[in-house]
Amino acid sequence: MPKKDVPGTGRIIGHRLRWWTELPLIVLVYAAYSAGRLLARGDVSSAVDHGIGILRAERSLGIDAESPLNRIFTDHAWIGVPADFWYASLHYLVTPAVLVWLFRSRAVHYRAARAWLMISTLIGLVGFTLLPTCPPRLLSAGHGFVDTMAQYSDYGWWGAEASAPRGLGGMTNQYAAMPSLHVGWALWCGVMLWRHGRSPLMRAAAVAYPLITTLVVMGTANHYLLDAVAGAVVMGVGLLLVRPVRQLAEPVMDRLRERFMRPAAVPPVAVPSATAPSVTVPSGAASSVTVPSASASSVTPAAAAFPSVTVSSATESSIVSGECQTSPGERFPRQRKQSAFPGAGPGAHPADAGDGAAAPSR
């Protein structure tokens, strides 16, 4: 959480996180992401060419893992159906849940984590725009892929057009396959759970969630292996850009806060003066005891033993009490003399306190 020093107070204040400011920001970024996917559909022929090119590159390298996985998912419904539910739902449930968890219990790490996710998402949108890619499930049957979402559509809310609800498939960009943000977002969730989770269960989920998601996106024929690799690369680039982007955005956010948010009130702070005033304590028999200021120039013999106390002349001062004033040297009945030196108790003998003169010899 960014914090600032308040000059002259020694206090540090920070901008508190508010859900009603965070939620619209996240919704805005996600809306821009969704709208960008629709606008960056590209032509079908280019998308198919890119998909075939990726598949050929993988087969030449012997890393086309999506082909055997897709056969397993289509041959075994007990694997394919849960995988379709995983692909269609967890992408939109786990990521917001991790964001909320960070917001509520790891607020000091939330801003950087949120910035990382948003920057990477926008980079992925650039990838969809520049490289529209046909996923394996939309290639011709000769390439050997089966669309498991269409095969098991009776089990869920989706139809034959990606993971969108039936009738809404036209609102999605089915050629936004490169990079795979399913894998990218799952990797982000895994890193957050690993770094900030404290239980072994969370550590296990941090490893299992991105790994299973990678297998699911390939087994359902929604992404190539290189799409998953590109999703991880996008997250890495986004992580490297978090610091410079935040440094550029922070002045803008500060101006917006100063313009639209009332600054926190700072209580006044008393500044002590350089010289302490003299304080006179009246005494019945002894002379006045003065705490000297910093500008005192003379030091008496008593002050040599007690530097913080200066004994002035032996002249007794009058006492004012109960609106009656005594003459110098006169005391009220049963009034005790006050010691000129600190530490003398109320029952101390005058000889112990000094009483302004040396104690008589015995």
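Does tyrosine 209 count as buried or exposed, and at what relative accessibility? Select tyrosine 209: at 10% relative accessibility, this residue counts as buried (under 20% relative accessible area is buried, over 50% exposed, in between partly exposed, with a 1.4 Å probe and protein chains only).

This is a predicted model, where local features need pLDDT of at least 70, side-chain atom pairs count only at pLDDT 80 or more, and totals for chains, interfaces and linings use all residues. Residues are numbered from 1 along each chain as its sequence is written, and side-chain values use heavy atoms, leaving out hydrogens and water.

Next, the rings. The structure holds four aromatic pairs (rings of Phe, Tyr and Trp, the last by its six-membered ring, with centres within 6.5 Å; planes under 30 degrees apart are stacked, over 60 edge-to-face, the rest tilted). Tryptophan 86 is partly exposed, at 23% relative accessible area.

Now select phenylalanine 103 and tyrosine 110. Their ring centres are 5.4 Å apart and their planes at 80°, so this pair is edge-to-face. Tyrosine 110 is buried, at 2% relative accessibility.

Last, select arginine 203 and tryptophan 194. Arginine 203 lies over the face of tryptophan 194, 4.4 Å from the ring centre (CZ of Arg or NZ of Lys within 6 Å of the centre and within 35 degrees of the ring normal).
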